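Subject: Structure handover

Hello,

Please find the structure below. Notes on what was found in it follow.

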Amino acid sequence: MLRPQLWSCMRQGLRGGLSRNGRGWASGAGRKVDVAGIYPPVTTPFTATAEVDYRKLEENLQKLGTFPFRGFVVQGSTGEFPFLTSSERLEVVSRVRQVIPKDKLLLAGSGCESTQATVEMTVSMAQVGADAALVVTPCYYRGRMDSAALIHHYTKVADLSPIPVVLYSVPANTGLDLPVDAIVTLSQHPNIVGMKDSGGDATRIGLIVHKTRKQDFQVLAGSAGFLLASYALGGVGGVCALANVLGAQVCQLERLCLTGQWEEAQKLQHRLIEPNSAVSLQTRAAVGEGVGKGGHLHPHWSRSQGWYGVPTQSLPFQTTSQCVNSLCLLQKILA
(Lines give C-alpha, C1' and ligand atoms only; values in the text may rest on other atoms or scores of the structure.)
Protein backbone atom coordinates (compact mmCIF):
# COMPACT_ATOMS: atom_id res chain seq x y z
CA MET A 1 0.00 0.00 0.00
CA LEU A 2 1.07 3.58 -0.57
CA ARG A 3 2.33 5.24 2.58
CA PRO A 4 0.52 8.47 3.65
CA GLN A 5 3.72 10.43 3.02
CA LEU A 6 3.83 9.19 -0.58
CA TRP A 7 0.20 10.12 -1.20
CA SER A 8 0.88 13.60 0.22
CA CYS A 9 4.00 14.02 -1.91
CA MET A 10 2.18 12.96 -5.07
CA ARG A 11 -0.66 15.40 -4.43
CA GLN A 12 1.78 18.27 -3.90
CA GLY A 13 3.60 17.47 -7.12
CA LEU A 14 0.40 17.26 -9.12
CA ARG A 15 -0.84 20.65 -7.91
CA GLY A 16 2.00 22.23 -9.85
CA GLY A 17 1.31 20.30 -13.04
CA LEU A 18 2.74 17.03 -14.27
CA SER A 19 6.44 16.93 -14.98
CA ARG A 20 8.16 15.98 -18.18
CA ASN A 21 9.38 12.40 -18.12
CA GLY A 22 12.64 11.03 -19.49
CA ARG A 23 11.32 10.50 -23.00
CA GLY A 24 9.86 13.98 -23.34
CA TRP A 25 6.12 13.25 -23.26
CA ALA A 26 4.85 16.36 -21.51
CA SER A 27 1.52 16.71 -19.73
CA GLY A 28 -0.12 19.14 -17.36
CA ALA A 29 0.34 22.67 -18.67
CA GLY A 30 -0.32 23.16 -22.36
CA ARG A 31 -1.37 20.47 -24.79
CA LYS A 32 -1.95 16.95 -23.59
CA VAL A 33 0.13 14.04 -24.84
CA ASP A 34 -0.70 13.12 -28.43
CA VAL A 35 -1.55 9.40 -28.57
CA ALA A 36 -2.68 9.35 -32.21
CA GLY A 37 -1.48 6.34 -34.22
CA ILE A 38 -1.50 2.56 -34.44
CA TYR A 39 -0.47 0.35 -31.51
CA PRO A 40 -0.18 -3.43 -31.44
CA PRO A 41 -1.30 -4.83 -28.09
CA VAL A 42 1.77 -6.89 -27.21
CA THR A 43 1.24 -10.49 -26.16
CA THR A 44 2.98 -12.09 -23.20
CA PRO A 45 4.93 -15.24 -24.18
CA PHE A 46 5.28 -17.99 -21.61
CA THR A 47 7.57 -20.94 -21.18
CA ALA A 48 6.30 -24.50 -20.87
CA THR A 49 6.40 -24.04 -17.10
CA ALA A 50 4.17 -20.95 -17.18
CA GLU A 51 6.97 -18.45 -16.58
CA VAL A 52 7.12 -15.26 -18.63
CA ASP A 53 9.54 -15.84 -21.49
CA TYR A 54 11.37 -12.52 -21.64
CA ARG A 55 13.75 -13.63 -24.36
CA LYS A 56 10.87 -14.52 -26.66
CA LEU A 57 9.13 -11.28 -25.72
CA GLU A 58 12.17 -9.36 -26.91
CA GLU A 59 12.28 -11.33 -30.16
CA ASN A 60 8.62 -10.55 -30.80
CA LEU A 61 9.25 -6.85 -30.17
CA GLN A 62 12.15 -6.90 -32.63
CA LYS A 63 9.77 -8.21 -35.30
CA LEU A 64 7.09 -5.64 -34.45
CA GLY A 65 9.72 -2.92 -34.54
CA THR A 66 9.95 -3.20 -38.32
CA PHE A 67 6.55 -1.49 -38.71
CA PRO A 68 5.80 2.25 -38.38
CA PHE A 69 3.73 1.98 -35.22
CA ARG A 70 3.23 4.99 -32.96
CA GLY A 71 4.03 2.80 -30.02
CA PHE A 72 3.08 -0.35 -28.14
CA VAL A 73 0.41 -1.34 -25.66
CA VAL A 74 1.56 -3.70 -22.90
CA GLN A 75 -0.59 -5.46 -20.30
CA GLY A 76 -3.83 -5.02 -22.19
CA SER A 77 -6.32 -7.84 -22.75
CA THR A 78 -4.13 -9.42 -25.42
CA GLY A 79 -1.24 -9.35 -22.95
CA GLU A 80 -3.28 -11.47 -20.51
CA PHE A 81 -2.61 -9.15 -17.58
CA PRO A 82 -5.18 -10.83 -15.27
CA PHE A 83 -3.00 -13.97 -15.30
CA LEU A 84 0.16 -12.14 -14.19
CA THR A 85 1.41 -11.27 -10.74
CA SER A 86 2.05 -7.63 -9.91
CA SER A 87 5.80 -8.15 -10.17
CA GLU A 88 5.42 -9.87 -13.56
CA ARG A 89 3.30 -7.01 -14.87
CA LEU A 90 5.97 -4.48 -13.90
CA GLU A 91 8.84 -6.58 -15.18
CA VAL A 92 7.18 -7.00 -18.58
CA VAL A 93 6.73 -3.23 -18.90
CA SER A 94 10.34 -2.67 -17.86
CA ARG A 95 11.67 -5.17 -20.40
CA VAL A 96 9.57 -3.70 -23.20
CA ARG A 97 10.80 -0.18 -22.39
CA GLN A 98 14.39 -1.39 -22.61
CA VAL A 99 13.84 -2.92 -26.06
CA ILE A 100 11.68 -0.46 -27.97
CA PRO A 101 13.04 2.85 -29.35
CA LYS A 102 12.77 5.89 -27.12
CA ASP A 103 10.56 7.69 -29.64
CA LYS A 104 7.87 5.01 -29.39
CA LEU A 105 5.10 5.54 -26.86
CA LEU A 106 4.61 2.79 -24.31
CA LEU A 107 1.05 2.52 -23.03
CA ALA A 108 0.85 0.17 -20.05
CA GLY A 109 -2.31 -1.39 -18.66
CA SER A 110 -2.41 -0.52 -14.97
CA GLY A 111 -6.05 -1.15 -14.12
CA CYS A 112 -6.96 -3.02 -10.93
CA GLU A 113 -10.24 -3.51 -9.11
CA SER A 114 -9.67 -0.90 -6.42
CA THR A 115 -8.77 2.74 -6.88
CA GLN A 116 -5.78 2.61 -4.53
CA ALA A 117 -4.38 -0.53 -6.17
CA THR A 118 -4.76 1.12 -9.58
CA VAL A 119 -2.92 4.22 -8.38
CA GLU A 120 -0.12 2.12 -6.94
CA MET A 121 0.21 0.08 -10.13
CA THR A 122 0.13 3.23 -12.28
CA VAL A 123 2.85 4.91 -10.23
CA SER A 124 4.96 1.75 -10.39
CA MET A 125 4.53 1.42 -14.14
CA ALA A 126 5.60 5.02 -14.61
CA GLN A 127 8.72 4.25 -12.61
CA VAL A 128 9.65 1.34 -14.90
CA GLY A 129 9.17 3.32 -18.10
CA ALA A 130 5.52 3.62 -19.14
CA ASP A 131 4.65 6.82 -20.98
CA ALA A 132 0.91 6.58 -20.32
CA ALA A 133 -1.42 4.34 -18.33
CA LEU A 134 -4.23 2.41 -20.00
CA VAL A 135 -6.80 1.99 -17.23
CA VAL A 136 -9.56 -0.57 -17.73
CA THR A 137 -12.87 -0.18 -15.94
CA PRO A 138 -13.11 -2.02 -12.61
CA CYS A 139 -15.82 -4.61 -13.11
CA TYR A 140 -16.11 -7.19 -10.32
CA TYR A 141 -18.88 -5.12 -8.71
CA ARG A 142 -20.16 -3.97 -12.08
CA GLY A 143 -23.68 -3.51 -10.72
CA ARG A 144 -22.38 -0.63 -8.59
CA MET A 145 -20.17 0.85 -11.30
CA ASP A 146 -22.45 3.68 -12.35
CA SER A 147 -21.22 6.96 -13.84
CA ALA A 148 -20.64 8.58 -10.46
CA ALA A 149 -18.52 5.66 -9.21
CA LEU A 150 -16.45 5.50 -12.39
CA ILE A 151 -15.91 9.26 -12.48
CA HIS A 152 -14.70 9.12 -8.88
CA HIS A 153 -12.38 6.19 -9.63
CA TYR A 154 -10.77 7.65 -12.74
CA THR A 155 -10.49 11.13 -11.27
CA LYS A 156 -8.56 9.83 -8.27
CA VAL A 157 -6.28 7.77 -10.51
CA ALA A 158 -5.65 10.70 -12.86
CA ASP A 159 -5.08 13.09 -9.95
CA LEU A 160 -2.34 10.90 -8.54
CA SER A 161 -0.81 9.48 -11.71
CA PRO A 162 2.60 10.87 -12.73
CA ILE A 163 1.84 9.91 -16.35
CA PRO A 164 -1.17 10.60 -18.61
CA VAL A 165 -4.18 8.31 -18.32
CA VAL A 166 -6.06 6.64 -21.20
CA LEU A 167 -9.52 5.29 -20.37
CA TYR A 168 -10.17 1.71 -21.48
CA SER A 169 -13.66 0.35 -22.18
CA VAL A 170 -13.80 -3.32 -23.21
CA PRO A 171 -17.33 -4.60 -22.49
CA ALA A 172 -16.70 -8.02 -24.05
CA ASN A 173 -14.32 -8.79 -21.18
CA THR A 174 -15.70 -6.68 -18.35
CA GLY A 175 -19.43 -6.71 -19.04
CA LEU A 176 -19.30 -2.96 -18.53
CA ASP A 177 -19.38 -0.11 -21.03
CA LEU A 178 -17.90 3.13 -19.75
CA PRO A 179 -20.92 5.48 -19.97
CA VAL A 180 -20.70 8.35 -22.43
CA ASP A 181 -21.67 10.93 -19.79
CA ALA A 182 -18.81 9.73 -17.60
CA ILE A 183 -16.39 9.94 -20.53
CA VAL A 184 -17.48 13.52 -21.26
CA THR A 185 -16.88 14.53 -17.65
CA LEU A 186 -13.53 12.75 -17.46
CA SER A 187 -12.36 14.25 -20.77
CA GLN A 188 -12.10 17.58 -18.96
CA HIS A 189 -9.45 16.28 -16.57
CA PRO A 190 -6.01 17.68 -17.49
CA ASN A 191 -4.32 14.29 -17.06
CA ILE A 192 -6.85 12.17 -18.99
CA VAL A 193 -5.79 12.31 -22.64
CA GLY A 194 -8.17 9.93 -24.37
CA MET A 195 -9.66 6.47 -24.44
CA LYS A 196 -9.52 3.11 -26.13
CA ASP A 197 -13.02 1.95 -27.03
CA SER A 198 -13.27 -1.75 -27.86
CA GLY A 199 -17.04 -1.97 -27.97
CA GLY A 200 -17.25 -1.79 -31.76
CA ASP A 201 -20.21 0.64 -31.80
CA ALA A 202 -19.44 3.27 -34.43
CA THR A 203 -22.38 5.40 -33.33
CA ARG A 204 -21.01 5.51 -29.81
CA ILE A 205 -17.51 6.42 -31.04
CA GLY A 206 -18.95 9.24 -33.11
CA LEU A 207 -20.96 10.50 -30.15
CA ILE A 208 -17.91 10.45 -27.87
CA VAL A 209 -15.84 12.38 -30.42
CA HIS A 210 -18.65 14.89 -30.85
CA LYS A 211 -19.29 15.46 -27.16
CA THR A 212 -15.61 15.81 -26.31
CA ARG A 213 -14.72 17.98 -29.30
CA LYS A 214 -14.05 21.02 -27.10
CA GLN A 215 -11.57 19.06 -25.02
CA ASP A 216 -8.07 17.91 -25.90
CA PHE A 217 -9.30 14.30 -25.89
CA GLN A 218 -8.52 11.52 -28.38
CA VAL A 219 -10.34 8.29 -29.20
CA LEU A 220 -8.57 5.09 -30.25
CA ALA A 221 -10.45 2.22 -31.85
CA GLY A 222 -9.98 -1.06 -30.00
CA SER A 223 -9.96 -3.22 -33.11
CA ALA A 224 -8.96 -3.11 -36.76
CA GLY A 225 -12.47 -4.30 -37.62
CA PHE A 226 -13.89 -0.80 -37.22
CA LEU A 227 -10.74 1.26 -37.70
CA LEU A 228 -11.96 2.95 -40.89
CA ALA A 229 -15.28 3.84 -39.29
CA SER A 230 -13.47 5.28 -36.29
CA TYR A 231 -11.22 7.47 -38.44
CA ALA A 232 -14.22 8.67 -40.47
CA LEU A 233 -15.94 9.74 -37.25
CA GLY A 234 -12.94 11.56 -35.82
CA GLY A 235 -10.95 8.82 -34.11
CA VAL A 236 -7.17 9.21 -34.17
CA GLY A 237 -5.85 5.65 -34.32
CA GLY A 238 -6.26 2.19 -32.93
CA VAL A 239 -5.00 -0.49 -30.60
CA CYS A 240 -5.41 -3.41 -32.95
CA ALA A 241 -4.59 -7.07 -32.25
CA LEU A 242 -4.47 -7.61 -36.00
CA ALA A 243 -1.44 -5.30 -36.15
CA ASN A 244 0.55 -8.07 -34.49
CA VAL A 245 0.29 -10.24 -37.60
CA LEU A 246 -0.62 -7.74 -40.35
CA GLY A 247 1.23 -4.66 -39.18
CA ALA A 248 1.96 -3.32 -42.65
CA GLN A 249 -1.67 -3.55 -43.75
CA VAL A 250 -3.06 -1.91 -40.63
CA CYS A 251 -0.55 0.94 -40.93
CA GLN A 252 -1.45 1.27 -44.60
CA LEU A 253 -5.11 1.63 -43.65
CA GLU A 254 -4.11 4.38 -41.25
CA ARG A 255 -2.21 6.23 -44.00
CA LEU A 256 -5.11 5.96 -46.44
CA CYS A 257 -7.51 7.42 -43.89
CA LEU A 258 -5.19 10.24 -42.89
CA THR A 259 -4.60 11.23 -46.52
CA GLY A 260 -8.29 11.12 -47.43
CA GLN A 261 -8.03 8.16 -49.81
CA TRP A 262 -11.35 6.81 -48.62
CA GLU A 263 -12.15 4.56 -51.58
CA GLU A 264 -8.85 2.71 -51.25
CA ALA A 265 -9.24 2.67 -47.49
CA GLN A 266 -12.65 1.08 -47.85
CA LYS A 267 -11.28 -1.67 -50.07
CA LEU A 268 -8.51 -2.45 -47.62
CA GLN A 269 -10.87 -2.37 -44.64
CA HIS A 270 -13.09 -4.89 -46.41
CA ARG A 271 -10.12 -7.20 -46.89
CA LEU A 272 -9.15 -6.94 -43.24
CA ILE A 273 -12.56 -7.72 -41.74
CA GLU A 274 -12.33 -11.51 -41.96
CA PRO A 275 -8.68 -11.74 -40.85
CA ASN A 276 -9.55 -9.48 -37.94
CA SER A 277 -12.44 -11.74 -37.00
CA ALA A 278 -10.17 -14.77 -37.23
CA VAL A 279 -7.71 -13.12 -34.86
CA SER A 280 -10.09 -11.37 -32.48
CA LEU A 281 -12.98 -13.81 -32.26
CA GLN A 282 -11.35 -17.18 -32.77
CA THR A 283 -8.03 -16.84 -31.02
CA ARG A 284 -8.68 -13.86 -28.69
CA ALA A 285 -5.08 -12.84 -29.21
CA ALA A 286 -2.95 -12.18 -32.24
CA VAL A 287 0.41 -13.86 -31.97
CA GLY A 288 2.72 -15.93 -29.86
CA GLU A 289 3.22 -19.64 -29.68
CA GLY A 290 0.19 -20.32 -27.55
CA VAL A 291 0.60 -16.87 -26.02
CA GLY A 292 0.38 -17.71 -22.44
CA LYS A 293 -1.30 -19.12 -19.43
CA GLY A 294 -4.67 -18.98 -21.13
CA GLY A 295 -3.41 -21.10 -24.01
CA HIS A 296 -5.00 -18.65 -26.44
CA LEU A 297 -3.11 -19.82 -29.48
CA HIS A 298 -1.92 -23.16 -30.63
CA PRO A 299 1.78 -23.61 -31.50
CA HIS A 300 0.96 -24.30 -35.18
CA TRP A 301 -0.17 -20.68 -35.54
CA SER A 302 2.98 -19.16 -34.18
CA ARG A 303 5.44 -21.48 -35.92
CA SER A 304 4.08 -20.54 -39.32
CA GLN A 305 4.09 -16.84 -38.41
CA GLY A 306 7.49 -16.78 -36.73
CA TRP A 307 6.32 -15.69 -33.29
CA TYR A 308 7.19 -17.15 -29.92
CA GLY A 309 5.72 -18.31 -26.62
CA VAL A 310 4.25 -21.55 -25.27
CA PRO A 311 0.73 -22.23 -23.96
CA THR A 312 0.18 -23.83 -20.58
CA GLN A 313 -3.45 -24.64 -21.34
CA SER A 314 -4.80 -23.57 -17.96
CA LEU A 315 -7.96 -22.38 -19.68
CA PRO A 316 -9.33 -24.13 -22.81
CA PHE A 317 -10.14 -21.02 -24.83
CA GLN A 318 -9.66 -22.64 -28.23
CA THR A 319 -9.24 -26.06 -29.69
CA THR A 320 -6.33 -26.87 -31.95
CA SER A 321 -8.56 -27.18 -34.99
CA GLN A 322 -10.21 -23.80 -34.39
CA CYS A 323 -6.87 -21.99 -34.20
CA VAL A 324 -5.40 -23.78 -37.21
CA ASN A 325 -8.58 -23.06 -39.19
CA SER A 326 -8.24 -19.38 -38.25
CA LEU A 327 -4.71 -19.30 -39.61
CA CYS A 328 -5.76 -21.00 -42.83
CA LEU A 329 -8.60 -18.52 -43.26
CA LEU A 330 -6.29 -15.54 -42.78
CA GLN A 331 -3.76 -16.89 -45.26
CA LYS A 332 -6.47 -17.65 -47.84
CA ILE A 333 -8.03 -14.20 -47.60
CA LEU A 334 -4.72 -12.41 -48.06
CA ALA A 335 -3.44 -14.68 -50.83
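A crossing is called left-handed if the near helix is turned anticlockwise from the far one by less than a right angle, and right-handed if clockwise. The model is predicted, so local features need pLDDT of at least 70 and side-chain atom pairs count only at pLDDT 80 or more, while totals for chains, interfaces and linings use all residues. Residues are numbered from 1 along each chain as its sequence is written, and side-chain values use heavy atoms, with hydrogens and water left out.

Helices (H or I, at least four residues) and strands (E, at least two) are DSSP runs, numbered from the N terminus.

Helix pair. The crossing of α3 and α4 is right-handed. Ser86, Arg89, Leu90 and Val93 of α3 make the contact with Met121, Ser124 and Met125 of α4 (heavy atoms within 4.5 Å). Helix α3 covers residues 86–99 and α4 residues 115–127; they pack at an angle of about 30°, with axes 9 Å apart (axes are lines fitted to C-alpha atoms, for helices over the stretch in contact, and angles run from 0 to 180 degrees between N-to-C directions).

Strand β5. Five of the five residues of β5 (165–169) are buried, so the strand is largely enclosed by the rest of the structure (buried: under 20% relative accessible area, 1.4 Å probe, protein chains only). Val165, Leu167 and Ser169 point one way, Val166 and Tyr168 the other.

Pairing (at least two DSSP bridges between two strands). Strand β4 (residues 132–136) runs parallel to β5 and is joined to it by four bridges; Tyr168 is the bridge partner of Val136. Five bridges join β5 to β6 (residues 192–197), also parallel, and Val165 stands opposite Ile192.

Regards

Note on methods
Buried < 20%, exposed > 50% of the residue type's maximum accessible area, 1.4 Å probe, protein only.
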